[in-house]
Amino acid sequence: MIIVGPSHDTAQGGHQAAGGRKSLKDMTKAERRALQEQKVKEKQGRMAAGLPGSAKKASEQEAHKKVNSPKIGSTSNLAQPTAPDAGKQAKKQQNKLNEVPWLSHLDPPKKPNTASNTNRDLHPAILALGLRFAEHKMVGSNARCVAMLTIFAKIIRDHKPPSDASFSRHIQKYLDPHIAYLLSVRPMSLSMRECIRWLKKEISEIVEEDPPLTDEVARNRLVERIEHFIKERITMADTLIVENGMQKIQNGDVILTYAKSSVVEALLLEAKRSGYEFRVIVVDSRPMFEGKHLLRRLVSAGIECSYVLLSSLYVVLNTVTKVILGAHALLNNGAVYSRIGTAMVAMAASDKQIPVIVCCETYKFVNRTQVDSLVLNEMGNADELVKSSIPSNTNPLSNWRDLPNLRLLNLLYDVTPSKHITLVVTEVGLIPCTSAPVIWREYK
Amino acid sequence: MVLSKALESQVEDFISRLKRRQIVGSYEVAKETAIILRQVVSTTRWSDASVLVHVITDLGRRLVAAQPKELAVGNIVRRVLKIIREVVRGELETDDIMNSGTSEDSDGFSQDSEDDADSDREFKSILAQDTEDTDHTPRPEIPQRPKLQTESSMFNLLVDKNSEDIDYSAKSYNMKPLIIQEINEEIIADLETVYKGIADQALEHIHANEVIMTIGYSRTVKDFLTKAAAKRSFQVIVAETSPTLQGQAMAASLAEVGIETTVITDSAIHAVMSRVNKVVLGAHAVLANGGLVAVTGSQMVAAAAKHHTTPVLVCTALYKLSPLFPYDVDLFNVCVTPEHVLSFNEGTLIDKVNVLNPYYDFVAPELVNLFVHNLGSAPPSYVYRLINDNYDLEDTTL
Amino acid sequence: MATAELNNKSASDSMDPKLFDAAACYHTFLEDQELSTPVATFKVFTEFIKCSQAPTVTEFLQTLTQVGDTIQAASMYDAKEWKLPTSTRKRNPHKATIATLAGIHLFNQFVRRNTGDFTELEELKANLLARSTLILQKATSARDRIAVTGSQFVHDNAVILVHSYSRTVMSVLQYAANVENKRFKVYVTEGRPTSDGLTAVSELQASGIPCAAVLDSAVGFILDKVDMVFVGAEGVVENGGIINQIGTYQIALVAKALGKPIYAIAESYKFVRLYPLNQYDLPSITPDIVTFSNRRKSSSNALEQADESQSNDLALSNPSVDYTPPQYLTLLLTDLGVLTPSGVSDELIKLYL
């Protein structure tokens with residue numbers, strides 16, 4: 001596999017950078033030279049890597065890649081913006097964006113490169129979607145997956161293969177840059193990767209079809225499959241999860257939930273519609289305040305709600321009878337990968353013997369294991385932390401970039417160990433989270 | 001017994017600031033309390049110590065009632081009372097007050113001080129007995145105390161050789177300057193050196209290349225880390241402490257003194273804890289069971305640390321130790337304006353939602369590994385003893 | 001006191017029976033339901049001093065030790081059994097031997113502290129009597145003081161679990177309800193085999209406190225609904241652990257697992273210089289069940305016997321107390337105030353060193 005060598009090198013480069021986490025101006029000449037060399041090496045490595053064989057590899061490569069490359073995944077279809085000035089500037093900024101030495105393996109938050117002509121070969125719909133992803137206007141793993149798959153269906157429908165290739169053989173090649181583009185604007189959620197893995201399998205099945213399908217049949221079949229996936233694994237799954245979850249709601253419950261999950265919201269609203277009497281405590285956190293959106297909907301449905309910040313969690317915990325959480329992915333070791341802060345809520349609740357219920361569609365079960373929250377994660381924009389929740393107050397860190405020793409870290413996810421999870425509600429029933437690998441194998 | 005007019009207005013002013021939470025933070029509150037009490041001792045007319053104890057207890061009760069969450073007020077009142085009792089005992093038993101008085105506190109946990117504390121107790125039970133038995137003195141009544149306060153131990157009865165009658169109301173003219181001197185040296189001067197006392201132990205607890213997590217803004221913790229940073233290089237991760245963002249201010253001031261500092265959101269505490277090898281917390285108050293009242297979010301940090309078996313140190317001055325127990329965990333908490341949680345701009349929403357913004361957290365003693373205080377360090381299981389050394393059991397309930 | 005009468009009764013075989021029958025005196029005192037065992041023990045000693053005719057201080061002290069031994073022996077039997085010849089006596093495993101031990105230790109220490117100053121026996125005796133009167137006064141008020149301390153921990157709308165019957169726990173609950181007008185609910189465990197818990201329930205109901213009895217085996221089920229657990233103690237040992245009626249250890253373990261606070265409520269005269277390592281390191285009767293030897297016998301007997309005696313046998317072959325290590329206790333509420341488990345050792349060290 002071609003990318004092994006170079007990506008190994010870059011990983012080492014990452015370690016070096018980790019060792020000397022000084023700002024550029026503090027470095028000695030030798031160090032600076034070393035850094036320079038290392039960057040050159042990396043670049044060569046990336047060039048050598050060429051087009052990644054699959055989105056999976058692309059994403060892996062993305063994860064391995066040294067952080068201070070502002071460039072999009074190394075796909076040959078895309079012209080590489082190598083203007084030296086732009087690069088330098090970006091590097092300088094990113095030094096401040098991600099200096100946390102033990103997180104140098106993570107990508108810094110990215111800005112979509114919509115203006116340049118690099119994207120001229122891409123379908124316009126994906127550019128629009130990328131922008132919404134990048135600006136965090138579209139969040140939540142279900143919403144992102146559905147949007148991505150819908151756009152892919154659209155791209156597939158609109159795709160006209162060149163005269164010398166059949167649709168089946170060309171569509172994969174055509175989709176790759178689109179996938180790479182999505183990766184370049186914001187790292188994909190684990191469930192999105194799982195969706196792409198599924199889509200590739202579908203495509204390869206079409207290719208292997210004997211006798212070969214006509215373009216039209218192949219296209220329709222693929223589009224149909226995608227629509228079916230969205231319906232069955234996401235939309236219908238949510239309905240079933242709500243149905244299953246309702247078994248566990250009783251009159252008089254005080255339900256605590258954290259941030260916002262579309263399926264938890266659906267469950268709570270449905271419980272209210274069914275006439276259950278219960279109270280909800282919405283726990284929220286800076287800087288995203290996603291819980292506020294949930295709060296608004298629950299309140300307008302007439303549910304009695306309390307609202308606290310995560311730091312006051314323990315003060316409200318005494319009255320809570322159940323904790324219901326959403327998930328971004330369920331890992332094969334039974335851990336839940338979810339919005340940062342989820343681990344803390346689950347830990348606090350399980351310490352108090354309060355049942356912790358996670359609602360998760362089976363398409364989010366991924367073949368990946370992780371015991372901490374740092375190996376794989378995503379970095380948000382550090383400047384988000386500087387926004388004060390009270391507009392009048394000036395933030396104590398508004399000048400944080402001037403302080404050489406100061407870093408701001410805005411992680412987006414964390415991993416909740418399985419010991420804190422009582423129950424996972426899926427569309428196939430109520431399961432213990434340790435059965436995650438069983439479900440994953442069933443649905444592979 | 002009334003205070004002088006000037007003093008009374010000063011007290012009123014202090015009380016109203018306490019009530020409005022215009023004066024917040026144990027240090028400021030403790031200092032002001034100490035200064036007011038010193039003035040009471042010096043300006044009030046008192047013929048014997050029992051009157052003084054009565055006046056101070058009365059005033060103490062008023063101050064505590066003004067802001068029951070600022071436990072430092074009550075702590076300082078109890079310290080002053082203890083000093084008075086010590087001086088009285090010293091006066092009556094020997095003339096060598098200075099020795100008995102100072103040796104005890106400069107050296108909180110040596111064997112000597114335990115003996116001292118012991119003899120204190122004897123003294124107290126004698127006092128208690130005295131106040132019960134003697135009705136011949138025309139002095140004002142010592143405030144009635146619930147029975148449990150009449151100092152305890154059957155053990156003391158076993159120890160007492162003879163029930164000598166020490167007259168609590170004995171007149172003494174040099175007591176006043178002594179008490180004032182003691183308050184100056186033991187309490188006010190002590191307050192000024194607490195930060196240094198704690199910071200000086202930093203190198204005993206922080207090794208090179210550590211990753212330390214803290215939350216909130218605590219001058220004690222800041223001085224502690226700054227002192228360590230002078231000799232050793234290490235990193236600090238600060239949870240931003242929403243909604244006050246005190247943690248961000250803390251981070252800024254740590255970064256300014258050259259410590260490598262990373263700010264994280266409160267939600268990332270659990271995620272990042274796997275990188276942390278020590279947690280250092282500040283405290284608002286430490287309770288008698290070794291639990292502490294601290295800035296909201298502290299319990300989360302301590303609990304996450306417990307799950308990662310990361311040691312938790314608490315830097316606290318001795319005046320924050322309170323002889324009270326967490327009878328009810330919410331007892332010492334205070335809810336402040338919810339504006340910072342859900343802005344008042346969200347008018348329609350805020351009407352329908354119960355928004356809570358507690359200021360403090362209660363951290364259970366089993367989540368704490370060590371208290372570093374201005375005279376040394378102790379595990380939570382020893383806190384009760386520090387409290388016995390610092391306060392008179394009779395004053396637990398003011 | 002009926003010492004004169006007691007003197008005439010025979011039976012004690014371990015000491016000088018001519019003058020004083022410590023065992024009978026002990027049993028008589030214990031007939032008073034409100035009197036706790038250590039206090040009864042202390043009173044026996046006081047009575048003994050009154051009628052002691054030992055000629056010298058040394059002899060006096062020796063007889064005191066003998067009295068202690070007798071009380072300890074007597075504490076294992078019912079008054080009726082004690083009067084039988086030694087060989088036919090049946091031990092009652094439900095007798096509070098630990099509490100007796102605490103009383104004996106305390107008195108011995110009391111005497112040791114006070115003998116040094118006196119060479120004249122009569123002077124010593126007078127002094128001891130005077131001081132022990134004071135101590136007994138204090139001891140009687142201990143429960144009232146605990147009630148004040150303990151009721152601080154009872155908050156409105158609390159649900160409290162109580163294990164079986166304990167006089168101190170009852171006094172705390174009564175005080176909280178009747179004096180401080182707090183509203184709370186109580187679950188009481190049945191407390192097999194004595195089923196003392198049912199007594200507690202009727203007493204609480206009589207004072208208008210909502211309460212219900214639960215099976216000992218239902219503790220795990222009920223504890224989720226409970227805010228705090230109160231248990232009494234036969235004895236509080238050196239490390240701050242407690243020895244109490246069988247079942248306390250189980251409750252403490254469950255409470256710890258579920259994160260519920262558990263408060264041990266005990267008078268300070270129950271502090272005893274023992275340091276048990278585990279359940280089998282107690283100075284109480286170690287029942288045969290631990291070695292399995294008697295079990296077969298009892299079950300074979302059971303076949304022939306009626307149900308009642310079967311359960312009686314079961315009770316006899318089971319221990320009456322267990323030891324709860326300090327790490328499972330949240331706090332101890334005593335007449336000395338609220339103590340952390342480590343504070344107990346502190347008090348004991350002060351007393352005995």
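Which residues point one way from strand S7 of chain C, and which the other way? Before I answer, a word on what we are looking at: this is a predicted model, in which local features need pLDDT of at least 70 and side-chain atom pairs count only at pLDDT 80 or more, while totals for chains, interfaces and linings use all residues. Residues are numbered from 1 along each chain as its sequence is written, and chains are lettered from A and ligands numbered from 1 in the order in which they are written.

To the answer, then: in S7(C), which covers residues 262-265, Ile262(C) and Ala264(C) point one way, Tyr263(C) and Ile265(C) point the other way, and all are buried. Buried here stands for 20 or more other C-beta atoms within 10 Å of the residue's own, with exposed for 12 or fewer and partly exposed in between, the C-beta atoms being placed from the backbone. In a regular strand the side chains alternate between the two faces of the sheet. Helices (H or I, at least four residues) and strands (E, at least two) are DSSP runs numbered from the N terminus, and two strands pair if DSSP finds at least two bridges between them. S7(C) runs parallel to strand S4 of chain C, residues 228-231, with 3 bridges joining them, and it also pairs in the parallel sense with strand S10 of chain C, residues 331-334, over 3 bridges.

Staying with chain C, helix H3 (residues 37-51) has 15 residues and reaches 21 Å from its first C-alpha to its last, close to the 21 Å expected at 1.5 Å a residue, where the expected span is 1.5 Å times one less than the number of residues. H3(C) is mostly covered, with 12 of its 15 residues buried, among them Phe42(C), Phe45(C) and Phe48(C).

Let me turn to the sheet that involves chains A and B. It is an open sheet of 8 strands with mixed pairing, in the order S11(A)-S10(A)-S7(A)-S4(A)-S1(A)-S2(A)-S3(A)-S8(B). Strand S11 (429-431) of chain A and strand S8 (353-355) of chain B stand at the edges, each with a single partner strand, so one side of each is left without a neighbour in the sheet. The twist averages 25° from one strand to the next, with axes taken as lines fitted to C-alpha atoms, for helices over the stretch in contact, and angles running from 0 to 180 degrees between N-to-C directions.

Within this sheet, S2(A), residues 278-284, and S3(A), residues 304-309, run parallel and are joined by 6 bridges, and Val280(A) has Cys305(A) as its bridge partner in S3(A). Helix H13 (residues 342-351) of chain A packs on the sheet, touching S1, S2, S4 and S7 of chain A, and its direction makes about 160° with that of S4(A); contact between two residues requires that their C-beta atoms, placed from the backbone, lie within 7 Å. Helix H10 (residues 262-273) of chain A lies across S1, S2, S4 and S7 of chain A, running at about 135° to S4(A).

Arg233(A) is buried, with 22 other C-beta atoms within 10 Å, and, not counting residues up to four places away in sequence, it touches Glu361(A), Thr362(A) and Tyr363(A). The C-alpha atoms of Arg233(A) and Tyr363(A) are separated by 6.1 Å, although these residues are 130 apart along the chain.
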